[in-house]
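Subject: Structure handover

Hello,

Please look it over before reading my notes.

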Amino acid sequence: MREKVRDINSARNSTRSNVSPGAVTPRRLAAIVAGDISGYSRLMQLDEEGTHARVKRIQRDLIEPSIAEHHGRLVKTTGDGFFAIFESPVEAVRCGVVIQQNMVGRNASLPRDHRIEYRIGVNLGDVIIEEDDIYGDGVNIASRLESIAEPGQVFISGGIYEQIKHKLVCGYESLGDRKVKNITDPVRVYRVLPDPAAFNKARKRRENILIFLLSFVLFVIASSALWYLLPQSPGKPRDQASTRLSPDVPRPLLGKPSAQPAQPSPSAAPATQEAARQDRLPVLVPPAPKQTPSQLQPAAPVAPRTQPAATLREPEMNMLPGGAFMMGSNDDSSEKPVHQVTIKPFAISRYPISVREWNECAAAKACAFVATGRDDAPVTNVSWSDARQFVGWLAGATRKPYRLPTEAEWEYAARGGTQTRYWWGDELRPGMANCKGCADVAAVEQPARSGSFRPNPFGLYDMGGAVDQWVEDCWHKNYGGAPTDGSAWVEGDCGSHVIRSGSWKNDARYVRTANRDSYDTSVRYPTHGFRVALSP
Amino acid sequence: MKIVRLVVLAAALALLPSAVQAQGKSPGKDALLYFIWPQNGTTIKGGFWCRFGLRNMGITHAGEDYQNSGHHHLLIDVNEPLEVNEPIPQDKNHLHFGAGQTEARIELPPGKHTLQLVLGDTKHFPFSPPLVSEKITVTIK
């Protein structure tokens, strides 16, 4: 096959070559990789210097090392693109895929219109190689392939495909013969799908959509049938729904936090509280709690939701007085300098947001996934973006400006008026917080039910330990330049946000009220949760 | 009939999203995780850009399940053995790069420190067998 390709290409070159026919110019069969940034001029218009610096950095940090690593040679770079040659087609395509996959990561935290996306074309051709340039229609074809590639993708020619199809574990989607500009013969084009599963996806896309629609319709029918059949016995379905809700409505739903019945102290009467929580549970989730999202979700639109606000249970909130406090500590460089912050009165949820509270948002299709685990356990595996989605939904559904607490508010709330290392003093005491090695009980797989440990002086549970908690602020490596009015610090690099509290998987150092850490904004991790805040 | 079976299959799969657990994925063939910089034994003044190298596998955003890909974790001064059946811990000694970063600005107090890379899958689990880099030692002046 290689011979055939070589013949075709050299024949083409000899007949159509527009370069000087001097016999001394070295010719070589090479895999040519052409890359180019899509929408470069638009990016330049947006931010000329920034884009230029980023492109240079990508070239230095990603493109040049990737080419070298795959034994290729960077022949030339243009403002927004590059040409490289490889002796091996496999290495050439691999290099293209590596560049594209790395770009996915680099772009992940950027807004869509700031993303730098490369189009890459790879062709096998007989080319004339000079010190800082290459010629021949093999090069032109590579650059045409690049120009028809979609941003973020690698398109290869038939010649390359024949060489690599059994050697590189990728999916290849044939796009047929394409006529490309100024090249007489049509070129066979393949799209590289780095993930073979994506190949099947592409092939079965239409089939899958059909199946999806079909199963969705089936579920809707099944669940609506269920909905109307189940409460048939005592009366009309709608009456049933309201009578089932009515005993619960006056109690905790719309009442202000202060209007709530006194929360029984969990250490004193965990069983009562448990029971209280359990008896409310069926009201919120009409089907059995173990039921899966696919059953729950289609049911939601069918269900008679005349007053969504009335059925929504708001998180239990504690109102905190305003005041000034010393934020930070000298225990870790990220917590310095210790500085005074003034906090206005605000309310913060008594517990981290629970699985049940989260799943109401999921049932309303405003949150991205249905959480598993005990209803009264804190929800976990949420990213900062997920948490923001939740507060956005909660604010809309209740028409109250629910939000994430600011970092200063969180620490103020966690300290509960104390200046010690932990809210209960400077020494670790067992049974105060859910952290690794802090409790007498052995480490557990899941964070314990919220409210299993002692509340702090503000009556807040799990301010330290249990789950890491997102706050509104972007990450800064220390408090140099931090606001002192209790507002969120959102200037600067918001690719990562602040998490507080430490989790059940962290040791006692992380339970300290001043402890702070960061995590990528849109990445989920199994120990991350959050609580909500509200300004009066 | 094939479609009907597929529908049933799709329904079954849709009902059991939690049953699908991505654990113990095997790393790519010939995959190699390494430090581009710093090298073992380097003495560095102040902060530095740590650059992560990965051969024969791809880097993706955590949470996106592409075959043959993962995301970086940098272990600083970690002496405990890696727990293969648990997510890679997240604390000040286990830095995560779930947005697909291939480099990071690292600032460490003066003294000797060990650095090691671990590749994690979409759910932050190590691969099986774990794909880790050589554990290197650097000295901060």
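Predicted model: local features only at pLDDT ≥ 70, side-chain atom pairs only at ≥ 80, totals over all residues.

Residues are numbered from 1 along each chain as its sequence is written, chains are lettered from A and ligands numbered from 1 in the order in which they are written, and side-chain values use heavy atoms, with hydrogens and water left out.

Sheet

Chain A has an open sheet of four strands in the order S16-S15-S14-S17, with mixed pairing. Strands here are DSSP runs of E with at least two residues, helices are runs of H or I with at least four, and both are numbered from the N terminus. Two strands pair if DSSP finds at least two bridges between them. At the edges are strand S16 (516-520) and strand S17 (528-530) of chain A, each of which pairs on one side only. Strand S14 (residues 468-474) and strand S15 (residues 496-500) of chain A run antiparallel, with three bridges. Cys474(A) has His497(A) in S15(A) as its bridge partner.

Disulfides

Over all chains there are two disulfides, a disulfide being a pair of cysteine sulfur atoms within 2.5 Å. One joins Cys474(A) to Cys494(A), with 1.8 Å from S to S. Because Cys474(A) is in strand S14 and Cys494(A) in the loop between S14 and S15 of chain A, this pair ties together parts 20 residues apart in sequence. Cys474(A) is buried at 1% relative accessible area, whereas Cys494(A) is partly exposed at 29%. (Buried means under 20% relative accessible area, exposed over 50%, and partly exposed in between, with a 1.4 Å probe and protein chains only.)

The other links Cys361(A) and Cys367(A), whose sulfur atoms are 1.9 Å apart. Its S-S torsion is about 85°, so it is right-handed. Both Cys361(A) and Cys367(A) are buried.

Helix H13

Helix H13 (residues 355-363) of chain A has eight of its nine residues buried, so the rest of the structure largely encloses it. Among the buried residues are Trp358(A), Glu360(A) and Cys361(A). Just after H13(A), Lys365(A) has a positive phi of about 60°.

Contact between the chains

The contact involves 44 residues of chain A and 42 of chain B, where contact means heavy atoms within 4.5 Å. Together the two chains bury about 3300 Å², 51% of it on carbon and sulfur atoms; buried area is the accessible area (1.4 Å probe) that two parts lose on being put together, summed over both.

Four salt bridges cross this interface. A salt bridge is a side-chain nitrogen of Lys or Arg within 4 Å of a carboxyl oxygen of Asp or Glu. Arg51(B) and Asp61(A) form a salt bridge at 3.7 Å, N to O. This pair runs from strand S3 (residues 48-55) of chain B to helix H3 (residues 48-69) of chain A. Asp61(A) is buried at 17% relative accessible area, and Arg51(B) is partly exposed at 23%. A network of salt bridges links Arg57(A), Arg60(A), Asp61(A), Arg51(B) and Glu103(B). Lys505(A) also forms a salt bridge with Glu86(B), with the closest N and O atoms 2.8 Å apart.

Regards
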